[in-house]
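Please consult the sequence and the structure shown below while reading.

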2 protein chains.
Amino acid sequence: MRLSVRGIAAVIEHTNLDPTASPDDIVRLVEEAERVGFHGVCVNPLYVRLARDVAARRVKVISVVAFPLGALPLDSKIAEGERAVSAGADELDVVSYIGFVKGGRRDLYRDDVEGFVSHFRREHPDVVVKVIADVPSLTADEVRIVADVVSGARPHFFKTSTGYAPRGTTPDDVRLLRSLLPGEIGIKAAGGIRSLRQVVELLDAGADRIGTSTAMRIIEEARRELEVGGCQ
Amino acid sequence: MRLSVRGIAAVIEHTNLDPTASPDDIVRLVEEAERVGFHGVCVNPLYVRLARDVAARRVKVISVVAFPLGALPLDSKIAEGERAVSAGADELDVVSYIGFVKGGRRDLYRDDVEGFVSHFRREHPDVVVKVIADVPSLTADEVRIVADVVSGARPHFFKTSTGYAPRGTTPDDVRLLRSLLPGEIGIKAAGGIRSLRQVVELLDAGADRIGTSTAMRIIEEARRELEVGGCQ
């Protein structure tokens, strides 16, 4: 795969979901995203309005919803997403409730995923919707059920992890999901991504977006390795 | 302190906030709470209605709000709490946003805490409100700011941790908080509480309630030590 620093930055969502992040931290996140050319910033709902207020229009504001447990009733998930859109979110990363899959309640899981996606597809067709499931917490059979339900719901992206799972996302996770999901559903890899090597391997495995809270370090690494090494 | 198994059970909130919990797990949680005589069950908003539907009236249903990050705007926190009350919650454990304290924005922290507490005090005076701050993530100075703001807001309880903090709650944490908070604000100790010894020490330090996801094990321990040992 032929990669440039600019190309890598363009698929990264510069992320700060830390519950100790201050308003100043979010302003800095946005400034870094503008300077480097990241796709956007991924923040908690609390900071959507602030991020949108200070960001240039080309920097997308991504809000998580029901993060990180996904353990809200559907009406609360939709209301939280609606408030984020009103505050200026361009994209919504909603956590689906995998306890339904683990408890054999595929019907409830489908209601949870389809209910959210269909609402925003209908009411806010310009808003990009990503459905998150913590793949590292699922068995292979459970991943198949999740992929099947998500395929039916047709969000814009499937996101592999909240980052609260017992391990990070691997290229094998992405390859499996790529084989299970229809081509029009993109894959956002997230969770434990801390090096350029991981980013390159995940993109190579089929990821379309990368979510990471160490994007600045990764970009510094990319500048050293790709520009100095002449691999562009 | 003179303790009985029944007395210990009565101050415990039997807790399952695991994002992989199935509906069956929640039904079992409620059944255990009824059988043992726990104060109530503490669940995610997703499961408030189910818990209320299957629980006897004397078992309180406690819902967390904005859990575990507290990173929602105030209107979303209130809306999530309102939905939980409509679904049958007797008590609301809301996570306050400690990033405001860490960022030197005591004004925003006060708006967050007072806004939630005053809304529910006014609109739902029978609902018990607990304000959560992750004390293990705070410096001593920050704990003082949190205690000061919470003292002004007057919730029914202060809850010491989400359980997602880097360490559990200690008797020293509880003693410090007890010295800082007015007597009418109770203390719910939570986070990393897994043994009878911890429960006894935390109660002795001034805690009024205990939140734990290993309540059944603690009660078995209490039955062995307090009943067989004749310490009642």
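Where in chain B is P68(B) found? In this predicted model, P68(B) lies in the loop of chain B that runs between β3 (60–65) and α4 (74–87). The peptide bond that joins F67(B) to P68(B) is cis, and its omega angle is about 0 degrees.

Chain A also contains a cis peptide bond, formed between F67(A) and P68(A), with omega at about -5 degrees. P68(A) belongs to the loop between β3 (60–65) and α4 (74–87) of chain A. The two bonds are set out in the table.

| Cis peptide bond | Omega |
|---|---|
| F67(A) and P68(A) | about -5 degrees |
| F67(B) and P68(B) | about 0 degrees |

A second topic is the phi angle. A66(A), which is not a glycine, has a positive phi near 55 degrees. This residue is placed in the loop between β3 and α4 of chain A. Is A66(A) buried or exposed? The relative accessibility of A66(A) is 8%, and the residue therefore counts as buried, because the cut-off for that class is under 20% relative accessible area.

R154(A) likewise is a residue other than glycine with a positive phi, here of about 55 degrees. Its position is the loop of chain A between α7 (140–153) and β6 (157–159). With a relative accessible area of 35%, R154(A) is partly exposed, because this class covers values between the 20% limit for buried and the 50% limit for exposed.

Key: Residues numbered from 1 in each chain as written. Chains lettered and ligands numbered in written order. Predicted model: local features only at pLDDT ≥ 70, side-chain atom pairs only at ≥ 80, totals over all residues. Heavy atoms only, no water. Helix = DSSP H or I, 4+ residues; strand = E, 2+ residues; numbered from the N terminus. Buried < 20%, exposed > 50% of the residue type's maximum accessible area, 1.4 Å probe, protein only.
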